[in-house]
Structures are given as C-alpha cells and as structure tokens.
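Biologist: Could you take me through one part of this model closely, namely the nonpolar patch on the surface and what surrounds it in the chain? I would like the terms spelled out as you go.

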Amino acid sequence: DIPVIPDLEEVQEEDLAMQVAAPPSVQVNRVLTYHDLDKDLRKYAAFQTMDGEVDLKLLTKVLAPEHELREDDVSWNWDHLFTEVSSELVTEWDLGQSERED
C-alpha cells in the first residue's frame, strides 16, 4: 500500500512519444461589443451610481460614442518616427533660443 517511485529504467521503457495530453477545458464567455455596453449602460439604473454613493449620471451623459473613438491602424516606421520627433524637438528648441535672445 506504500507508493513506490519508479526506477529510471522502468520509465524509459514506456513509449511516451505517442501519448497526447488532453486539451484543457476552458469556458469561453462572449465578449460584449461597445454597442452592447452602451445599451446596458443606458438601460440599467445600477450603472447610474457607484457604491450607492457616487452619482455617475453626468459622466454617462458625456461619454463619447464608439464611432468617435475608433482610429485607423497606422504602422510605425522607427526611423521615420525618430526623425519626425527629433526634428520637432529641434524646432521647438530653436524657437525657445530665439525668444530668449529677443
């Protein structure tokens, strides 16, 4: 009845190459869209206050809609971005120097 640790020779004899572990079972919940969240925000009064004390009505009235928040994906080129930022910094520095001289 006492568990025994197997010897290395016994383990090497087993062919583990063909054994496949079962995949984990994960429950996937549906991710809500911005549209669904907006509907829920206006529909349920529970979202109008936080902790029963903080009134969120003013905040929910001025939240930006989804179409105003969407931006196109823009790829960045490191060399171009570095050159652009450094030139803007040099321009600002030159303007600051010329204002000090005046």
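Modeller: Helices (H or I, at least four residues) and strands (E, at least two) are DSSP runs, numbered from the N terminus. By that reading the protein chain has 5 helices and 2 strands, and from the N terminus on they follow the order α-α-β-β-α-α-α. This is a predicted model, in which local features need pLDDT of at least 70 and side-chain atom pairs count only at pLDDT 80 or more, while totals for chains, interfaces and linings use all residues. Residues are numbered from 1 along each chain as its sequence is written, and side-chain values use heavy atoms, with hydrogens and water left out.

The patch consists of Leu58, Leu59, Val62 and Leu63, which together have about 410 Å² of accessible area. Accessible areas come from the Shrake-Rupley method with a 1.4 Å probe, and for residues only the protein chains shown count as cover.

Leu59 lies in helix 3, residues 57-62, and is partly exposed at a relative accessible area of 46%, where buried means under 20%, exposed over 50% and partly exposed in between. In the loop between helix 3 and helix 4 (66-69) sits Pro65, which is also partly exposed, at 31% relative accessibility. Pro65 is 30 residues from His35 in sequence, yet their C-alpha atoms are 9.0 Å apart in space.

For the chain as a whole, buried residues make up 5% of the 102 residues, and the accessible surface comes to about 10,700 Å², with 57% of it belonging to carbon and sulfur atoms.

Conventions
Patch = residues over 30% accessible without salt bridge, like charges linked within 9 Å, V, L, I, M, F, W, Y side chains within 5 Å. Salt bridge = Lys/Arg side-chain N within 4 Å of Asp/Glu carboxyl O. Buried < 20%, exposed > 50% of the residue type's maximum accessible area, 1.4 Å probe, protein only.
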